[in-house]
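Welcome! Have a look at the structure, then try each task before reading on.

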Amino acid sequence: MIRSHILVCTGTGCTSSGSLAARDALLAELKKHGLENEIEVVETGCMGRCDLGPVSLVHPDGTFYKNVVVADVPKLVEEHFLKGRPYEKLLPQDPKTQHAVLTQADFTFFNRQMRIVRDNCGVIDPENIEEYIARDGYSALGKVLTSMTPEQVIEEIKASGLRGRGGAGFPTGKKWEIMRLAPDFPKYVVCNADEGDPGAFMNRSVLEGDPHSVIEGMAIGAYAMGSNRGFVYIRAEYGLAVKRLHIAIEQAYKSGLLGKKIFETDFNFDVEVRIGAGAFVCGEETALMRSVEGRRGQPQPRPPFPAQRGLWGKPTNINNVETWATIRPIILKGAKWFSSIGTEKTKGTKVFCLAGKINNTGVAELPFGTTLREMIFEVGGGIPNGKKFKAVQTGGPSGGVIPEQHLDIPVEYESLQKLGSIMGSGGMVVMDEDSCMVDVARFFMEFCCDESCGKCPPCRVGTRQMLTILERICNGQGELDDIQKLQDLAAMVKDTSLCGLGQTAPNPVLTTLRYFRDEYEAHILDRRCPARVCRELLHFEIDEAMCKGCSICARACPVQTIFKIDGQKKFRLEPEKCIRCGACFDACRFDAVRKTSPGIGHVHEPKAELAAEGVKA
Amino acid sequence: MIAPKEITLTIDGKACRGTQGQTILQVAGANGVEIPTLCWLKHLSPWGGCRVCIVEIQGSPKVVPSCSTPAMDGSAIITNSPRLQGLRRLTVELLFSERNHFCPMCPMNKGDCDLQQQGYKFGIDSIRYPYLYPSLPLDLSGKYLGLDHNRCILCTRCVRTCDEVEGVHTLDIGNRGVKNQIVVDLNVTFGMSTTCTSCGACVTACPTGALFDKAAAFHGPLVKCRQTRTTCSECPVGCGLVVYTKDDRIVDVFGDAESPVNRGHLCRRGRYDTWAEPRPRIRQPMVRRDGKLVPTSWGDATRTIRTLISASNDWQNAMLISPRVTNETIRALHGIGVRFDRIGAFVADKEAGICTSPEFSTDALVRLQDADAIVLVGAEPSRNQGVIAAKIRTAVRRRGARLVILHSRRSDLDTYADISVPVVSLERKFWKQVGDVLGSAKRPVLIYGPAAMSAVGVTILDRLIKTLSSAGNGGEMLAPIQLPTSTNSLALAAAGVEPVEDVSTWLAVQPLSFLHIVASDEPDGGARLLKEPHVRPLLEQIDNIVVQASYESELTQLARVVLPAAIWCEKSGTTTNFEGRTLPLQAALPPTGEAREDKAILEMVFA
Amino acid sequence: MNLDELKKLKEKAQRQVALREGNKKYRVVFSMGTSGIAAGAREVMTSMLDELDKRGIENVEVAVTGEIGLVDAEPIIRIEEKSGEKVTYAKVNPEAARKIVAEHLQKGKVVDGLAVGKIKEPEQKK
């Protein structure tokens with residue numbers, strides 16, 4: 001008999017840190033000790049802490065292990081499964097208390113979460129439909145098909161207050177109703193799994209960890225809207241998610257939960273997976289539809305809206321992975337339960353991706369209305385290395401940055417919008433005092449510029465021009481009217497662009513200008529980067545008092561501009577040839593290399609035109 | 001059908017009427033409010049990409065493209081606020097900063113391009129943003145088309161034209177963002193393209209100098225050219241042309257957007273073949289002296305012919321005439337017919353079968369435009385009547401029309417066909433397929449060409465007509481469309497001129513002593529006569545041959561007298577297309593050298 | 001598939017994943033320190049798991065722990081009931097383990113001859 005399950009995360013994050021090899025080692029080690037019939041190794045989806053990967057969870061005791069690499073497996077098996085005591089080396093530490101934590105329940109990262117969408121993630125084997133069924137899988141679909149009319153389903157979703165999780169927050173029930181009333185046939189439902197924000201992987205984690213919940217949600221939606229055919233549009237980069245989706249769909253067909261006459265009713269539903277080539281813009285629904293049709297993924301002006309004329313000119317309903325996965329719990333537990341969670345305007349939970357300069361990075365599901373401060377300092381465990389928090393970028397590359405003074409706002413669609421940012425897909429990139437906000441704006445603008453489809457000039461050329469200006473500011477070649485030019489362009493690109501990509505692309509620029517204008521001015525007027533990030537504005541020197549003469553900096557220097565001072569065990573950096581690569585700074589173990597951004601008057605001669613304008617150095 | 005609902009709205013405070021489903025731009029245009037546009041073209045689907053036609057709808061903070069946004073009843077539209085002006089100006093300014101739009105070195109020859117117009121309109125006198133100017137390739141590998149990516153603003157007017165008008169979808173956009181580029185097929189050059197038909201519609205649509213006619217490049221602005229509207233004489237469709245001329249030479253030829261026949265679209269033959277490549281012309285009359293053709297005067301040539309003809313018996317005189325002549329020339333034949341034992345028209349291959357029972361198919365193009373099923377028997381529109389081929393392609397690709405082709409030679413249209421089989425190999429299975437494909441057709445169209453005129457072909461035609469008549473048309477008999485190959489062959493046949501099926505037999509009926517060949521402006525100078533079996537020896541036996549042609553050829557080598565004829569752009573009068581429309585011909589240029597129009601020559605020589 | 005079939009499948013499947021839910025009636029803890037293993041705790045555990053399987057008893061969670069402290073009484077197993085009752089068995093051999101399964105875990109009867117201690121304590125708060 002099996003007495004214990006060890007759940008090994010085989011999501012993309014943990015797979016890349018070696019969970020598959022660890023799994024094999026576990027199996028071999030268990031066999032070695034004759035435990036193969038007592039301990040079962042179960043592969044699951046993402047548990048949310050990819051930075052600690054490969055992670056695993058042991059049941060029934062609930063011990064949570066981090067960094068389960070092959071080398072540690074023998075000891076882990078011996079300690080935990082033979083001797084019955086937790087293997088302390090692999091227990092994570094709480095960043096606040098510095099104590100080892102044993103189970104997920106003891107971990108602030110986990111115990112603050114409220115899991116509705118990710119309820120099954122990291123708990124069940126996503127490649128086994130029976131485990132999903134064991135946790136009430138497909139009983140929501142069964143309930144809907146056998147005891148509810150499509151109208152009742154829509155009413156239930158409306159009453160729940162669920163809003164689309166793709167970014168815009170349109171009420172899902174209303175969207176379904178419009179679709180149901182569309183007079184044309186056939187109708188299509190689509191799952192938008194084209195998650196493209198850098199550093200965001202909440203949708204992937206759901207599809208890898210619990211693909212059936214998305215399929216079941218789609219089937220319920222299709223029934224409510226009068227559709228018989230669904231598509232999951234997913235990017236090719238999500239190899240594992242694609243594989244698990246295919247497995248899930250196949251298993252659902254085999255069990256009669258997809259296909260003809262589902263639950264012996266007249267409802268038929270087919271689902272197909274469509275692979276995208278990973279273009280950011282294909283997350284925009286009109287571009288997505290063109291891509292599903294096999295055409296170039298470019299947005300179309302709306303109207304016509306997808307519910308009027310979508311895929312192949314027929315009414316189409318597109319919802320995000322998270323939205324689809326939320327349908328099942330609403331049907332099972334009721335609209336009333338769901339609407340009791342969250343805020344007045346926004347109900348339920350949202351999966352956020354915590355990334356950047358933060359202790360606990362990963363995916364976390366939290367109720368709407370949680371404040372940014374709670375997310376960053378409690379769930380996220382605060383900023384590492386005792387650095388100071390500077391700003392958080394919400395909503396992905398086209399979101400805005402939010403500074404310290406607004407951290408206490410409850411997170412929901414409207415509140416973020418008011419601050420010049422967006423909810424987007426729920427990305428949270430935390431920046432500390434070492435982040436240069438001009439550089440941050442440049443980075444995100446570069447992403448948007450790269451991902452612009454090029455259909456409309458405001459986005460195609462406008463983002464490129466903004467990037468050009470940001471680049472020259474970062475390079476210390478900013479001009480006095482660059483801030484004005486940026487503002488003009490940003491406003492125009494926001495107003496005039498065809499789709500959401502262009503309309504939101506200026507957000508990082510606009511919000512950094514709004515909250516960190518002084519940093520722009522320091523770059524342009526003083527030729528100084530206060531966070532000491534922009535390479536062209538840096539100055540490196542060696543503090544002779546600290547230098548131990550180990551020569552590591554001289555050896556690291558790619559242009560050989562660090563010299564030994566004659567007769568002394570010290571080194572000196574000749575700034576003329578220095579390319580400011582920072583190799584010496586990184587190499588020095590004694591903090592003897594100083595990185596400063598002194599501004600004009602120190603390193604560079606003041607530019608003639610600035611001097612003429614009377615700008616102080 | 002229910003009439004669309006009428007709507008009223010205000011545009012810039014002006015009360016405007018429109019119908020439900022119209023876009024804001026359409027309503028504004030119909031009510032005399034001008035909204036600037038760039039990527040929009042009337043006959044193409046709206047793209048909504050250039051953001052120049054943006055307007056505000058009162059009560060909404062967003063700006064919307066008027067070309068694609070439906071006008072809503074009772075809404076108030078603002079087209080000209082300072083905010084809109086600023087946004088449009090910046091949009092166009094960004095376009096100017098993106099690639100090379102310096103006019104002096106542009107091959108563009110429409111004079112002032114649409115982009116330039118926008119620049120003037122918004123008062124753009126300098127660009128505040130850095131010029132991006134990527135160095136992009138110039139594709140000159142096409143026979144007639146040039147593509148300079150450096151001047152492209154990515155409005156996709158060419159892409160949509162290629163897709164929606166010519167129906168071949170050779171062009172599309174490749175790459176992403178600022179790296180966007182127009183691509184030909186799967187990113188090859190024009191010269192390598194297997195789908196491009198060189199119809200030149202993309203050049204017509206291009207708002208800058210990115211796509212240009214190689215033959216016209218750097219020949220100066222078209223606005224400074226003389227424009228002449230005339231009719232193409234390459235095939236029986238009769239497309240309207242606008243010929244741009246300067247200093248007695250052609251600078252460019254475009255389709256006439258106002259022509260009811262082609263609405264501005266042309267095929268390669270009409271657009272380029274007639275002028276973009278030089279052909280050796282016959283510039284003056286010539287008579288054979290001591291075995292050699294020597295230039296002479298019209299007077300001498302006329303006298304020589306008269307002497308020859310009066311020396312022979314009428315029953316030994318004959319005339320072969322090309323169908324490319326004008327209606328006026330055909331009428332002139334009545335006066336001179338008495339001089340000849342017989343007059344024959346040397347039509348195209350197998351075309352005689354059609355010309356023996358000439359039928360004009362009224363409204364053929366309108367029916368084709370609207371057809372939901374097209375059956376093509378023995379006609380080769382993609383070789384001979386490109387504009388018809390374009391209409392067939394777009395009917396299939398854009399409106400989902402069914403297509404059945406019974407061909408004698410394969411063509412690109414086979415790709416779009418539901419059924420495509422050779423005329424001769426028809427089995428029972430075929431008729432079942434035809435029934436399946438055409439069974440539900442409401443507006444079927446049957447087009448047949450010369451190759452259908454065989455014993456088998458005619459039987460098939462009969463049966464097809466019966467099949468289609470029972471399917472749609474409400475029991476009415478389907479009127480098939482007869483599509484000849486040669487320009488004015490139906491009019492010539494209708495005038496009683498015998499179409500010659502087999503030239504050698506026709507010649508051999510009795511020995512001739514005088515043969516007048518009116519080759520007119522046949523591109524090969526009439527030399528195709530010699531390609532027919534047994535014709536050359538028969539011609540060599542005739543003592544006196546007069547060749548009246550525009551271009552030099554082998555035929556002139558057999559002639560006793562050669563007369564220079566005017567070409568298409570030097571002719572005036574009328575021609576009749578396959579629908580029976582009488583279409584005007586207007587001389588765009590004076591005849592080259594001593595050349596004269598066919599009618600004038602015939603009247604002068606035989607009067 | 002109809003609703004009943006789904007329900008049956010669910011019940012069957014729940015048994016597979018029940019371990020992860022942590023809601024078993026009994027929890028059997030094996031003392032698996034060095035002395036326990038030396039005294040044959042592994043064999044005892046194997047036979048108990050085998051017996052549980054044979055009898056199809058689902059409501060039992062089997063866990064291991066370190067040295068309990070009574071070296072000479074090994075192998076020791078402790079059976080914790082959800083109600084808070086704890087029974088400790090000492091010197092358990094494989095046959096005894098099978099008996100414990102049959103009597104205690106299946107019928108709820110403590111095997112008197114083997115039990116060395118019985119504590120009733122209030123359910124602990126998690």
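How far apart do the closest C-alpha atoms of chain B and chain C lie? They lie 38 Å apart, and no contact joins chain B and chain C; two residues are in contact if their C-beta atoms, placed from the backbone, lie within 7 Å.

A word on the ground rules: this is a predicted model, in which local features need pLDDT of at least 70, side-chain atom pairs count only at pLDDT 80 or more, and totals for chains, interfaces and linings use all residues. Residues are numbered from 1 along each chain as its sequence is written, while chains are lettered from A and ligands numbered from 1 in the order in which they are written.

**Exercise 1. Describe where chains A and B meet.**

Step 1: Two pairs of chains touch, and the most contacts are between chains A and B.
Step 2: On this interface, 28 residues of chain B are in contact with 26 residues of chain A.
Step 3: β4 (63-65), α2 (82-98) and β8 (171-174) of chain B each give two or more residues to the side that touches chain A. Helices (H or I, at least four residues) and strands (E, at least two) are DSSP runs, numbered from the N terminus.
Step 4: α2(B) gives the most, with seven residues.

**Exercise 2. Work out the four-stranded open sheet of chain A.**

Step 1: Its order is β2-β1-β3-β4, with mixed pairing; strands pair if DSSP finds at least two bridges between them.
Step 2: β2 (39-44) and β4 (63-65) of chain A are the edge strands, each pairing on one side only.
Step 3: Inside the sheet, β1 (residues 4-9) and β3 (residues 56-59) of chain A are antiparallel and share four bridges. Here A:Leu7 stands opposite A:Leu57 in β3(A).

**Exercise 3. Explain which strands end the five-stranded open sheet of chain A.**

Step 1: The strands follow the order β10-β9-β13-β11-β12, and the pairing is mixed.
Step 2: β10 (362-367) and β12 (401-403) of chain A each have a single partner strand, so one side of each is left without a neighbour in the sheet.
Step 3: β9 (residues 349-356) and β13 (residues 427-432) of chain A run parallel, joined by four bridges. A:Ala355 stands opposite A:Val429 in β13(A).

**Exercise 4. Find partners of A:Ile220.**

Step 1: Set aside its neighbours within four places in sequence.
Step 2: A:Ile220 is then in contact with A:Ala140, A:Leu141, A:Val144, A:Val153, A:Ile327 and A:Ile331.
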